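Subject: Handing over the structure

Hello,

Here is the structure for you to look through. Please open it and keep it in view while you read my notes below.

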Amino acid sequence: MTKPTHTTPPPDAAARRRAPPVLTYSVERLPSFDASFYNRARAELSEVAELTVPPRRAKAFEVPAGHFFRIVSVEGPQVGDLNLWNAHDLTERFYSGKTRALHATHLSTGDRLWSTFPRLRPMATITHDTLDWYGWDEDGAGVHDVIGTRCDPYTNLLLKGTEYHHCCHSNLTRALATERKLPLEEAEVHVHDVMNVFMCTGYTRDTHQYFMKASPVRPGDFIEFFAEIDLLVALSACPGGDCGASHSDDIAKCYPLNVEVHRPPEEALAGWRSPLPSRYSRSHGTR
Ligand SMILES: [Zn+2]
């Protein structure tokens, strides 16, 4: 259903609507994705860490720059909510909105996960995605979105009038607090809008409202990231499970997610270095 309108369209309404869409950013000027570099680096990996995120929980872990990490579906279809921070400075964190504006509503191989101002640089690059076959379905949905936020107890209370404590926001907060030995309130302010790994979402065609549908992910599927800087990562196994029906409750069938951290051979990274922070003067016109 579309919203009722209260105004009469002007006589030239059709002409105004025919203005051609123009890509908002000159994305062809972004640093290019050097597939041969990443493919060479990922050709011979040694696993250095492995962990399991239990259902309705989150875990935080570090990934050194130049390492890869994979989020792997195990046991059953499960969505993951991903946060990234600079391991040495939590104020530099994943900027979901700018990543969406630079790449697309949903991410896959070759896309970067950009950090917040004032650094604005790639924190991670997606180097492999076994769900890249999905593309866009007939509902306009895709996988791995940066259009949602993260399920949270505040919105849940607003809409349902009940408290639920295992939303991704709370899971990520607890995981960060534990990992960095921070008081819960201090950890909470660092939790940010996520990349919804494996989640299948879109906007409805008629009202452009955010919708979800059962994730196509199956055990064995994985998405792989290259850490462009030293990362602190937190991953929540969403209480929505495959997010095909509900979230923010204990109803959906949920599964664990596995995480693997891999190191490429040193020589594969020869000449590579972490992207530098933005060189903007930060004068904002005052100097
Ligand atoms: Zn969630």
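Is Met-195 buried or exposed? Met-195 counts as buried, because its relative accessibility is 0% and the cut-off for buried is under 20%. Before going on, note that this is a predicted model.

**Around Met-195**

Met-195 sits in strand β9. Leaving aside neighbours within four places in sequence, its contacts include Gly-80, Asp-81, Leu-82, Phe-94 and Leu-107. Also among them are His-144, Asp-145, Val-146, Ile-223 and Phe-225. Now look towards Gly-271, which is 76 residues from Met-195 along the chain. The C-alpha atoms of Met-195 and Gly-271 are separated by 29 Å.

**The zinc site**

Next, find the zinc ion. Its protein donors are the SG atoms of Cys-151, Cys-168 and Cys-238. They lie 2.3 Å from the zinc ion. Along the chain, the donors follow the spacing C-x16-C-x69-C. Cys-151 is in the loop between β8 (142-145) and α4 (153-160), while Cys-168 is in helix α5 (residues 168-180), so this pair ties together parts that are 17 residues apart in sequence. Both Cys-151 and Cys-168 are buried. Water is not among the atoms, so a metal site may look incomplete.

**Helix α5**

Stay with α5 for a moment. How far apart are the end C-alpha atoms of α5? They are 18 Å apart. The 13 residues of α5 should span 18 Å at 1.5 Å a residue, so the two values agree. The buried residues of α5 include Cys-168, His-169, Ser-170, Asn-171 and Leu-172. Thr-173, Ala-175, Leu-176 and Ala-177 are buried too. What covers them? The cover over the buried residues of α5 includes the strands β2 (58-63), β4, β5 (89-93) and β12 (231-237). The helices α4 and α6 (184-188) are also part of that cover. Lys-181 follows α5, and its phi is positive, near 50 degrees.

**The largest pocket**

Now for the largest pocket. Its volume is about 360 Å³. How many residues line the largest pocket? There are 19. Those nearest the centre are Arg-150, Cys-151, Tyr-210, His-247 and Ser-248. The elements that give two or more residues to the lining are α4, β9 (195-203) and β10 (210-213). Helix α4 gives the largest share, four residues. By class, the lining has eight nonpolar, seven polar and four charged residues.

**Backbone points to check**

Most residues other than glycine have a negative phi, and most peptide bonds are trans.

- The peptide bond from Phe-117 to Pro-118 is cis, with omega near 5 degrees. Pro-118 is in the loop between β6 (112-114) and β7 (122-129).
- Leu-120 is in the loop between β6 and β7. Its phi is positive, near 35 degrees, and it is not a glycine. Leu-120 is partly exposed, with a relative accessible area of 28%.
- His-208 is in the loop between β9 and β10. It has a positive phi of about 60 degrees, although it is not a glycine. At 58% relative accessibility, His-208 counts as exposed.

**Two places at the surface**

Where is Glu-75 found? Glu-75 is in the loop between β3 (68-73) and β4 (80-86). Glu-75 is exposed, because its relative accessible area is 63% and the cut-off for exposed is over 50%. Not counting residues up to four places away in sequence, Glu-75 touches Pro-219, Tyr-255 and Pro-256. Glu-75 and Pro-256 are 181 residues apart in sequence. In space, they are 7.2 Å apart, C-alpha to C-alpha.

Ala-270 is found in the segment after β13 (257-263). At 61% relative accessibility, Ala-270 counts as exposed. Ala-270 and Ala-41 are 229 residues apart along the chain. Their C-alpha atoms are separated by 9.9 Å.

Best wishes

Technical notes:
Residues are numbered from 1 along each chain as its sequence is written. This is a predicted model: local features need pLDDT of at least 70, side-chain atom pairs count only at pLDDT 80 or more; totals for chains, interfaces and linings use all residues. Side-chain values use heavy atoms; hydrogens and water are left out. Donors are N, O and S atoms within 2.8 Å of the metal (3.2 Å for Na, K and Ca); water is not among the atoms, so sites may look incomplete. Buried means under 20% relative accessible area, exposed over 50%, partly exposed in between (1.4 Å probe, protein chains only). On a 1 Å grid over the protein atoms alone, a cavity is a set of points where a 1.4 Å probe fits but cannot get out, and a pocket is an open set with protein on both sides within 12 Å along at least five of seven lines; lining residues have an atom within 4 Å of a point. Grid points are joined across faces, edges and corners, and a volume is the space filled by probe spheres set on the points. Ala, Val, Leu, Ile, Met, Phe, Trp, Tyr, Cys and Pro count as nonpolar, Asp, Glu, Lys and Arg as charged, and the others, Gly among them, as polar. Contact means heavy atoms within 4.5 Å. The expected span of a helix is 1.5 Å times one less than its number of residues.
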